[in-house]
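Thanks for coming, everyone. Please open the viewer and keep the sequence beside it. I'll go through the structure piece by piece.

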Amino acid sequence: MRLPTWLSQHLAALRALLVMTVLLGLAYPLAFVAVGHLPGLSHKANGSMVSAGSTLIGQSFTDADGNPVPKYFQSRPSAAGDGYDPTSTAASNLGPESVVDTADAKSLLTQVCERSLAIGKLENVDGSRPYCTSDGVGAVLAVFYRDGLTGPVTRAVSVNQTGTPFIATYEGVTVESAKNGEDYVAEGGVITPIRGDAPAKPVVPADAVTASGSGLDPDISVAYANLQAPRIARERNLSPVRVHQLIEEHTEGRALGFMGEPAVNVLELNLALDGK
Amino acid sequence: MAGWLFVITLVLAVAAAYRPLGDYLYRVVSGRKSNVVERGIYRLVGVDPNTEQTWGVYARSVLAFSAVSILFLYLFLRVQDKLWLSLGFDGVPTHIAWNTAVSFVTNTNWQAYSGESTMGHLAQMAGLSVQNFVSASVGIAVAVALIRGFAARKSQTLGNFWVDLTRITLRVLLPIAVLATLVFMIGGMVQNLSGGTDVTTLTGATQHITGGPVASQEAIKELGTNGGGFYNTNSAHPFENPTTWTNWIQLFLILCIPFAMPRVFGRMVGQNRQGYAIVAVMSVLALASIALTVGFEVHGGGTVPQAAGAAMEGKDVRFGVPNSATFGAVTTLTSTGAVNSFLDSYTSFGGMMPMVNMMLGEVAPGGVGAGLYGLLILATITVFVAGLMVGRTPEYVGKKIGAREMKLASLYFLVTPAVVLIGTAAAFATGHNSTALNTGPHGLSEVLYAFTSAGNNNGSAFAGITVNTPWWDTALGLAMLLGRFLPIILVLALAGSLARQKPVPESEGTLPTHQPLFVGLVVGVTIVLVALTFLPALALGPIAEGLS
């Protein structure tokens with residue numbers, strides 16, 4: 001019996017797919033799983049594990065309440081689960097103009113301001129940043145104009161603050177604080193972030209106040225490591241010189257001098273501090 | 001400076017690969033001698049490698065193979081819990097299985113699921129990563145069929161799909177993937193079948209370190225311009241991209257085949273200079289786009305990047321801003337859609353660039369195969385437009401561009417914008433845009449990005465939007481399906497129509513298609529067509545956000 005062409009064509013397709021599945025879907029990856037058992041490769045193929053985790057996978061150095069353990073270098077903020085959870089890796093995915101807090105979620109701007117303030121306090125440095133209030137939220141006004149988008153200002157509300165607004169007046173109008181549950185954008189307010197007078201290059205570096213892409217970033221910038229060095233020296237009774245020496249030893253420079261950015265592996269550095 | 005050096009070395013490496021890789025590809029697709037393995041495969045599949053197929057048969061073979069693939073992958077994902085190495089995960093729910101099956105078969109690799117919490121190792125290896133290979137081969141095969149149409153003289157046939165599929169997979173993709181896997185393993189990617197290890201962190205918490213056959217999947221994910229990550233955070237995940245130099249190699253793998261395809265074109269039509277012209281168009285567009293993306297991200301405009309001091313949200317320290325932006329540009333210029341940093345958190349204009357790259361139709365250099373046939377269509381349209389302007393007969397590498405050819409080329413160009421814009425409009429009309437994470441113009445960008453990515457078979461995302469709902473999975477699945485196979489059918493029809501023609505000798509009236517003038521014209525036509533189609537939508541999204 002001769003099969004109709006369309007059917008024999010689909011049967012050929014199925015056979016082709018099955019052959020490819022055996023070859024590319026089983027033989028190829030499994031061969032490399034076997035290669036991964038070779039000495040020299042097996043450590044890496046199994047995840048570069050050390051005594052307290054993987055050197056490739058970042059972790060939190062916080063206590064049970066989520067507070068930083070002062071004798072350890074701290075990692076970056078992480079959006080993976082409750083932080084550095086490899087079973088739910090994620091980035092924050094909040095956009096560059098995420099500046100207004102809502103009842104259920106803080107804007108990215110407020111998160112950045114909040115982190116900067118907390119790190120400033122922990123490291124005894126100035127935690128101020130552009131577009132941040134001194135109490136660590138996004139400095140953002142909803143400005144109401146007489147004619148919608150133009151004309152004189154009639155009203156201004158500091159949308160992320162319920163307490164005292166970060167500035168008293170805007171264009172001669174007294175700034176109000178926000179009331180819970182009000183949507184000032186829907187009411188016609190124009191969202192206006194206020195730069196403030198913080199230095200353009202804040203003391204707390206950018207990577208310290210932003211969440212990574214992987215949520216598992218094992219590294220921090222050299223600048224953030226240096227910022228933490230005095231605290232580590234104090235907590236561990238080490239000379240600052242020794243701490244900086246350790247930072248240097250655990251800094252991975254750019255590959256071939258031009259790929260990527262210099263990065264300090266936090267777990268390796270902390271293990272070295274513990275003498276492990 | 002280091003960031004620019006990163007780009008320059010990539011350009012040099014891809015340029016160095018153009019001739020050897022292109023010539024090798026040419027020999028693979030035009031050779032006829034089969035080796036033992038291939039003869040065995042032809043026997044198992046039940047095809048005669050010496051039969052030539054008309055465009056109709058070729059197209060039906062592509063469609064049959066893809067249809068069977070979608071069905072097989074769908075069933076595979078549905079029953080993964082009954083198979084080995086499922087890691088205890090349930091069968092994938094219907095709408096996600098449909099979306100994922102279509103996504104991987106169409107070379108899109110859009111991911112409505114999170115790898116580490118949905119897919120067992122067998123599903124990743126024998127389901128998803130097989131499609132990473134064969135969907136790439138299908139793209140190259142279709143491009144080669146179109147070139148055969150240009151090169152043929154009064155022929156009814158375009159080659160044999162099954163032979164092309166087998167040869168491209170076994171002789172091009174597999175060997176390079178094998179090499180890349182080894183390099184990646186040396187770089188630190190994991191390759192095991194472990195369900196993960198619980199470890200106690202330095203401060204006494206528990207962390208579950210995941211495992212998996214990652215390196216082998218990663219190699220073909222990049223080489224086949226697929227982009228579907230083993231884990232949710234894709235090439236940002238340290239197990240998928242452990243070092244700054246694996247990052248460079250990933251980009252090289254993504255770019256090498258799409259940029260070598262014009263060489264195959266030049267060789268097959270017997271004029272290498274035609275290949276150089278096409279690769280010049282690709283390069284001009286790609287370099288401009290990469291420079292702009294890196295520029296926007298390093299400048300770091302916008303409220304949050306200004307507050308943070310750099311656009312570091314969603315980026316890992318080892319890659320930094322310039323290399324992350326380069327990756328974002330390259331994976332959207334090709335149809336890869338992998339990410340090593342999260343586009344949703346890019347600056348407004350930096351985040352617009354990936355969208356624009358995809359809207360260009362992914363022709364600079366585009367996906368493996370798909371990029372070349374997309375650009376040849378644009379070149380065809382350009383020849384026609386130029387013909388109208390100066391009153392010359394429109395012809396391209398010896399083939400007349402008549403009414404039938406122009407109809408097919410125009411239809412090809414219209415498919416993707418129609419899918420993207422109608423899809424985006426449908427999401428807003430039905431209220432399904434409400435799953436976007438961000439509000440205002442950025443919310444529109446998230447929806448527009450999703451359909452642009454699906455319609456162009458890219459797979460990257462403004463990932464804040466929640467898309468694993470039945471409506472989104474179905475709609476984006478349809479967008480991917482139409483965005484892949486309607487163009488393929490039109491390309492093969494065009495190839496058939498060109499193949500039947502007798503080549504016309506070059507005359508005084510022929511527009512030379514290998515000179516800078518033509519390169520400039522194609523670049524211009526591409527940009528004008530895209531601008532006319534998408535500028536209104538972009539104005540409401542990223543442009544509104546960036547200017548506010």
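One definition before we start: two strands count as paired if DSSP finds at least two bridges between them. Keep that in mind for the sheets. Also keep in mind that this is a predicted model. Its scores are ipTM 0.96 and pTM 0.97.

Strands of a sheet pair through backbone hydrogen bonds, either parallel or antiparallel. Let's walk across the sheet, pair by pair.

Strand S5 of chain A, residues 169-170, is joined to S6(A) by 2 bridges, and the two run antiparallel. Thr169(A) faces Thr174(A) in S6(A). These strands form a hairpin, with 2 residues between them. Look at Glu171(A) there: its phi is positive, near 50 degrees.

Step to the next pair. Strand S4, residues 150-158, and strand S6, residues 173-177, both of chain A, pair over 3 bridges. Parallel or antiparallel? This pair is parallel. In this pair, Val157(A) sits opposite Glu176(A) of S6(A).

Then come S3(A) and S4(A). They are antiparallel, with 6 bridges. They make a hairpin too, again with 2 residues between the strands. In that turn, Gly148(A) has a positive phi of about 85 degrees.

Last pair: strand S3, residues 140-147, of chain A and S7(A). There are 4 bridges, and the strands run antiparallel. In S4(A), its bridge partner is Ala156(A). In S7(A), Val143(A) stands opposite Val190(A).

Zoom out to chain A as a whole. How many helices and strands does chain A have? The count is 7 helices and 10 strands. The radius of gyration of chain A is 26 Å, well over the 19 Å that the globule rule gives for 276 residues, so chain A is more spread out than a compact globule. Along its principal axes, the C-alpha trace of chain A spans about 85 × 70 × 40 Å.

Chain A is split into two domains. Domain 1 is 54-91 + 215-276, and domain 2 is 140-191. Their C-alpha centres lie 41 Å apart.

Now go to residues 12-35 of chain A. An unreviewed UniProt entry annotates this stretch as "transmembrane region". In the model, residues 12-35 of chain A are 100% helix and 0% strand. The end C-alpha atoms of that stretch are 33 Å apart.

Over to chain B. We see 18 helices and 4 strands in chain B. The radius of gyration of chain B is 22 Å, close to the 24 Å from the globule rule for 548 residues, so chain B is as compact as a globular protein of that length. The C-alpha trace of chain B spans about 80 × 60 × 45 Å along its principal axes. How confident is the predictor about chain B? The average pLDDT of chain B is 96, and 100% of the residues score at least 70.

Finally, the contact between the chains. Chain A gives 88 residues to it, and chain B gives 94 residues. Which elements of chain A take part? Those giving two or more residues include helix H1 (5-35), helix H3 (108-123) and helix H7 (266-273) of chain A. H1(A) supplies the largest share of the side of chain A that touches chain B: 18 residues. By type, that side of chain A has 49 nonpolar, 28 polar and 11 charged residues.

That's my tour. Thank you.

Definitions and conventions:
Residues are numbered from 1 along each chain as its sequence is written. Chains are lettered from A and ligands numbered from 1 in the order in which they are written. This is a predicted model: local features need pLDDT of at least 70, side-chain atom pairs count only at pLDDT 80 or more; totals for chains, interfaces and linings use all residues. UniProt positions are given in the numbering used here, feature names are shortened, and annotations may be inferred rather than shown by experiment. Domain bounds come from an automatic or database domain assignment. Two residues are in contact if their C-beta atoms, placed from the backbone, lie within 7 Å. Ala, Val, Leu, Ile, Met, Phe, Trp, Tyr, Cys and Pro count as nonpolar, Asp, Glu, Lys and Arg as charged, and the others, Gly among them, as polar. pLDDT is the predictor's confidence in each residue, from 0 to 100. The radius of gyration is taken over C-alpha atoms; the globule rule is 2.2 Å times the number of residues to the power 0.38.
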